[in-house]
Amino acid sequence: MSFLFNRSSKTFKPKKNIPEGSHQYDLLKHAEATLGSGNLRQAVMLPEGEDLNEWIAVNTVDFFNQINMLYGTITEFCTEISCAVMSAGPRYEYHWANGTNIKKPIKCSAPKYIDYLMTWVQDQLDDETLFPSKIGVPFPKNFLSVAKTILKRLFRVYAHIYHQHFDSVMQLQEEAHLNTSFKHFIYFIQELS
């Protein structure tokens, strides 16, 4: 059992907090308030007068936290044995590369892939040159490209959960939360497109 706990705690990353009192915190609260209205299409729309990059950054952090939490609930079902390959069905197999220390994509288990992914995303979110947390600090020119890559890769975790672990999600009675989170994610992606 300690192996399971250690693996889970390694994969399950701590929640990325947005500092209270910051402009990003205000944007997050706006997003949460519009989400509470039940209108997900409205919740993903850029608030009037707000910076697009700031909005994308806040939502990217929020999606990372949501997916991290959702995956964290099913880690005991997603093992090296049950999920020896990171996939979302026979036609969608994902190999990991981060462009720095792993340049050539490698085949790995789903738990390993998701650990690599969540660690990589956490590193991107913590990088003040990519995701500045202070007001007035400009976003880099490649910000949108980085954010899109993060979101594309986070989508793969949803895809894996739905394909491989939806029965477990239903046993845990978490399908409504998963479905709402995924719908919110898809609407946000559509709004950016």
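How many helices and strands are there in the protein? There are seven helices and zero strands. The model is predicted. From the N terminus on, the elements run α-α-α-α-α-α-α. Of the 193 residues of the protein, 44% count as buried.

**Overall contacts**

- Contacts between residues at least 6 apart in sequence can be sorted by how far apart the partners are along the chain; 71% of them join residues at least 24 apart.
- T149 is found in helix α6.
- With a relative accessibility of 26%, T149 counts as partly exposed, because partly exposed covers the range between under 20% (buried) and over 50% (exposed).

**The largest nonpolar core**

- In soluble globular proteins, nonpolar side chains tend to be buried together.
- The largest nonpolar core here has 46 residues.
- Y113, L117, V121, F131 and L154 are the members that touch the most other members.
- Two or more residues of this core come from each of α4 (52-72), α5 (110-126), α6 (143-171) and α7 (175-192).
- Helix α6 gives the largest share of the core, 11 residues.
- Which residues is F131 in contact with, leaving aside its neighbours within four places in sequence? They are A57, T60, Q124, L125, F143, V146 and I150.

**The annotated binding site**

- An unreviewed UniProt entry carries the annotation "binding site" for C78, C83, H160 and H165.
- These four residues span 88 residues in sequence, yet no two of their C-alpha atoms are more than 9.9 Å apart, so they gather at one spot.
- Where is C78 found? C78 is in the loop between α4 and α5.
- C83 also lies in the loop between α4 and α5.
- Is C78 buried or exposed? C78 counts as buried because its relative accessibility is 0%, and the cut-off for buried is under 20%.
- C83 counts as buried as well, at 3% relative accessibility.
- Not counting residues up to four places away in sequence, C83 touches C78, S109, A110, P111, H160, Q164 and H165.
- Among these contacts of C83 are C78, H160 and H165, which the UniProt annotation also covers.

**Cavities**

- A search of the whole structure finds two cavities of 30 Å³ or more.
- The largest cavity has a volume of about 40 Å³.
- Which residues line the largest cavity? The lining is made up of L70, T73, I74, I161, V169, E174 and L178.
- By type, the lining divides into five nonpolar residues, one polar and one charged.

**The loop between α6 and α7**

- Q173 is found in the loop between α6 and α7.
- Phi of Q173 is near 60°, which is a positive value in a residue other than glycine.
- Is Q173 buried or exposed? Q173 is exposed because its relative accessible area is 71%, and exposed means over 50%.

Key. Residues numbered from 1 in each chain as written. Predicted model: local features only at pLDDT ≥ 70, side-chain atom pairs only at ≥ 80, totals over all residues. Heavy atoms only, no water. Core = buried A, V, L, I, M, F, W, Y, C linked by side-chain atoms within 4.5 Å. Buried < 20%, exposed > 50% of the residue type's maximum accessible area, 1.4 Å probe, protein only. Helix = DSSP H or I, 4+ residues; strand = E, 2+ residues; numbered from the N terminus. Contact = heavy atoms within 4.5 Å. UniProt positions renumbered as here; feature names shortened; annotations may be inferred. 1 Å grid on protein atoms, 1.4 Å probe; cavity = no way out; pocket = protein on both sides within 12 Å on 5 of 7 lines; lining within 4 Å. Points joined across faces, edges and corners; volume = space filled by probe spheres on them. Nonpolar A, V, L, I, M, F, W, Y, C, P; charged D, E, K, R; others polar.
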